[in-house]
Amino acid sequence: MNSNWTSRTCIGDDYRWMYASPRVAEENISMPIPPGQAGGASPSSHSISLFKSAFGWCPEVTSFEATPFVGKNGVFLVDVGSHSGPAQEVPGSGQINWPNSITTLNASVFGFAAVAVGNGFLVPTHTTGGVYVMEASTRPSTLQEPVKISKDLSGWFYHQAHFVDMDGDGLLDVLTARCEYAVWPWAKKRGELVWLKQPAKDALAGPPWEEHELGAGPDFLFCVHPNSSRLALVAPEFVSGRVVYWFMQQNGTMSSRLLDDTIGPGFSCSWTDLNADGHLDLLVTNHAAVNGSVFAYSFSSDDIASAQITRHVLATGFTPAKIDKGKASPGDALAFQPHINSTDKPYIFVSGDNSNSIFLLTPVSKDQSDWTYSLEEVQDFGADIGRPSIGDVDGNGFADIFVPVYDSKRVVHYEFRRGLAWRLGPGRDRELKLRADAGAPPEAAPSECGSCMPPCQEHPRQQQWRWRSPSAVLCQRLRFLLRQSCRSASRTCRPLHSTPCSPVRTDAVSTDIVALLLSTYTDGLLPPSSAHFGTLLADHVHDFRVGRSAMSHLHFAVMGFGSSVYADAGHFCTAAVRADAALAALGGLRVARLLRVTDTKELANQASEWQLEMQSAISAALRGVEIPKAPGIEGNAAAEAAVSQTADQEGGEASSDSEDDSSTTVSSGEAAAKGSTSDVEELAEGCAGDTVKKPEERQMLTTKHRAQLTKEGYKIVGSHSAVKLCRWTKHQLRGRGGCYKHSFYGITSYQCMEATPSLACANKCVFCWRHHKNPVGTEWKWSMDPPDQIVAEGIDQHRRMIRECKGIPGVKKERFEEAMTVRHCALSLVGEPIMYPRINELVGELHQRKISTFLVTNAQFPEAIRNLDPITQLYVSVDAGTPETLKAVDRPLFSDFWQRYLDSLKALKAKKQRTVYRLTLVKGHNMEEAANYAKLVALGTPDFIEIKSVTFCGESKASSLTIGCTPWHEEVKAFSEAMLSKEGLESQYELACEHQHSCIVLLANKRYKVDGRWHTWIDYDRFHELVKAGVEFDATDYWAPTPEWALYGSEEAGFDPNETRVYHNRTKKRAQAGLLSKEQLKMYPDNPAKQ
């Protein structure tokens, strides 16, 4: 093994990962490590899952369905030696409820090859298990069905079965741990270590094996010490959160020693020589809801019962992909040698379990006293990871790793090879088929800083798998590519800096290659943290003192990440275009064509050609041959493009249609044709990566869009619509208050459906609820669902969500029944509803069903507003008072966004039905413009002006907002009063209503105050009568009186007195402890401490 590495690089890392066309079985998979392949681990440290048969290596794979009352289970045989044939189920194994770890047994135990498996888990209806034995064959000749050798014990489940002669009679007995752990708070939670005595005859045909208890504590997994003369084992206890060493005394009794009681829920363990000092160490993982860890324990002597113990934290920060009850990480940690004959420190493979990822720990030095490991996230599968298995199945001397992927129905195979570069995407054509309908492998999603050494200050390892941008994914892959290519030639490769996308160079190689992966923030430019780099690069091009050959020594490649829907506005990866041009203008040699990756299509395959060009360049450099030059902008054209301040799309060759679904590269021929133009976006136009689909064939939602929105509770309707249950619906079902529309306009919140017929939007607002997980666009270019289908399916999905509320404590029976009838529809969920070309037909479908409509538009489609049929209440989002602020807050796609904004407000003025300006206040962004907002009122003269605080939906890489950007209700009121005092508004409008709970105030036109009483409420039955009659009508024809409790300044502050205000327990405790500020207390009509 090559050891010519710097101290920043993993020692002996000349083995390459290869992704080998995965497929999987049923649901969850457990594939324990085989004997003799774990880098010093004991053959009995884990259950055996790989065994040699007449036709090759065969892993046993267990599968289960985690859903209560569902029992899709099975044990499967897979032939990985010949790579042929699907996996086959062992007959009768489907009856084993939730099978866990497998132990394989040769014919010396029962006279035929067999497997033993423990089963059951803490999920309701799966808690009762046992230990089963079955013949390891899909066509058993001796044992036709699995036999349960443990006695029936309700509520107890088993994870593993270790075969050992416990009483010296020459027969192998079963050592196992079992657990009683129900999720109910009152249920017992405990574990026991027991052994089952094998009968002298009829072992698999008689009664359950005789049971003997050894001690309380061990519950899930344990590992037997391989070098102890008497039985000794370690059990990381899940229930008690301890690591305990158990050992047998000379008199045959078991004793124990506590090794650690601070690790939290214990999970897996194994014995292995981790620091290559010739002595066994203990490798342990916990299974934590947040910040799980991998631990190592070293001992001062081989007598574990009395030795001094030292604990080492090898890695921490493992966190589930979704923080939720029952979710934890990591799973197993398996030590192994990439080359099975190596005597160096082993690598450690970590299964993330609910983190959805797999990880590799590599020792950073050969020093036996150095316990430092570097952590790399190898792949994010988007699904839970089962227990992996490691062994050399093809006899080439290198480790093969089999990873079971829960839910996605795959077993993924990796292998180490000497001298091969990282394979980007599917590797060898090997399949482990367990189901014919198994899906294709997902795109790897490495962490933003997974390969940075040391960890980035801005992206600590504890959060490295929390958020993965497309640029981070490709950045990680590029690091693998460079590192592996460099090491294959026995040269040193290290990052210059510890930023996620910093340049990578090879210090020991004379050729400098820089790869720039540039994200987009606003106007196609770099994020603020990287903006200085772009400025410096442009300055060097501008500076006459810098020669045009200043970077002739440098080879470079640039990839930009943005959204092609900004192409019309001239902002599609502008920073990447400028950087590519600047490096070329300064004499740099381009080794890969400029690539612009768009977020409007799947990330997979967009960068494949670029990566191949990069790999070719690296390979040529390492062989000492001339690096091929890639085409692109050169000469004066490059110099002009590098410093251009505009990116006008006018006159460009590619339409926005072709841009929408394609990544874009630039060729030299195209650049030459454009001459000396300074149009950056024009210079960047080139051939599209894919064939452009006709609009009727395109889908608005990519797989990623659909998955992200579904994960956040959206019910996707058809191909471009969605519904979601509002929290106020659930509140009012329980009698805990309605939303502000209930207070201002008299809707019944529990009969309101939140929906949108278009998930796409023309803005990327900083306060967007969805953090831009929905698609964007400036026009409709997708397939279109009919409006009657959208309405019918939307109502059906809404009712389904209402039914799910039936079991919520406090739901009022009469309200639950009434909620099944939708009376209102808020077309404001996410996206831009009026982008849907058949919006009038959809509104008609709703009105026909006597469902009122509250439609919100983002003021970028004035013509669509003019063409709208009567709406119960039409909103326009008024997010800023100046073009500069609107651009910063809404981040619109249109280049003429301000004129569209003004025209949309003017279009509102012609509407005869109720109209609303909706102002969303974002502290530090748009609250200094009360006078400018007031000037806009004259353009649309709306009936109402809603002024509300921004809703903080958590931090996101897509936005810089924090909770500090959310104004208090008192601040909203102050702003409303200030705005009312500007531009003579107080002569037309008054403060009419407020809803303190939502931090919102309503200004109403004075014509709604009739004989001293406000009429902001709506007579919904009258509205539907007017619509059905087909006559012209205006807002005054269906207004209704506003109750006193909803008025501005009322004691109730907009909270319906017929409802009950209920405070969160956390709020009450903080109030009782005096931890709420005066501003916070003002948010409540009464002190929460008194409730």
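**View 1. S298 and the residues it touches.** Leaving out residues up to four places away in sequence, S298 touches D281, Q308, I309, T310, H312 and W371, where a contact means heavy atoms within 4.5 Å. This is a predicted model, so to speak of local features a pLDDT of at least 70 is needed, and side-chain atom pairs count only at pLDDT 80 or more, while totals for chains, interfaces and linings use all residues. Numbering runs from 1 along each chain as its sequence is written, and side-chain values use heavy atoms, with hydrogens and water left out. S298 sits in strand β21 (residues 292-299); helices (H or I, at least four residues) and strands (E, at least two) are DSSP runs, numbered from the N terminus. With 13% relative accessibility, S298 is classed as buried (under 20% relative accessible area; exposed is over 50%, partly exposed in between; 1.4 Å probe, protein chains only). Its side chain also makes a polar contact of 2.9 Å with the side chain of H312. That term covers a pair of N or O atoms within 3.5 Å; within protein, one must be able to donate a hydrogen and the other to accept it, and residues adjacent in sequence count only if both atoms are side-chain atoms.

**View 2. F110 meets F163.** Rings of Phe, Tyr and Trp (its six-membered ring) pair if their centres lie within 6.5 Å; planes under 30 degrees apart are stacked, over 60 edge-to-face, and the rest tilted. That rule gives 29 aromatic pairs. For F110 and F163 the centres are 6.3 Å apart and the planes at 85°, so this pair is edge-to-face. F110 belongs to helix α1 (residues 107-110) and F163 to strand β11 (residues 156-164), so the pair ties together parts 53 residues apart in sequence. Both F110 and F163 are buried.

**View 3. Charges over rings.** The charged end of R178 sits over the ring of W156, 5.3 Å from its centre. K189 does the like with Y181, lying over the face at 5.2 Å from the ring centre. To count, NZ of Lys or CZ of Arg must be within 6 Å of the ring centre and within 35 degrees of the ring normal.

**View 4. Strand β26 and its partner β25.** Eight of the eight residues of β26 (residues 373-380) are buried, so the strand is largely enclosed by the rest of the structure. Strand β25 (residues 357-363) runs antiparallel to β26, with seven bridges joining them; DSSP must find at least two bridges for strands to pair. P363 stands opposite Y373 in β26.

View 5. In α19 (residues 930-940), the buried residues are A930, Y933, A934, L936, V937 and G940. Just after α19, T941 has a positive phi of about 35°.

**View 6. R698 in its loop.** R698 lies in the loop between α9 (680-684) and α10 (703-711). R698 is buried, at a relative accessible area of 3%.
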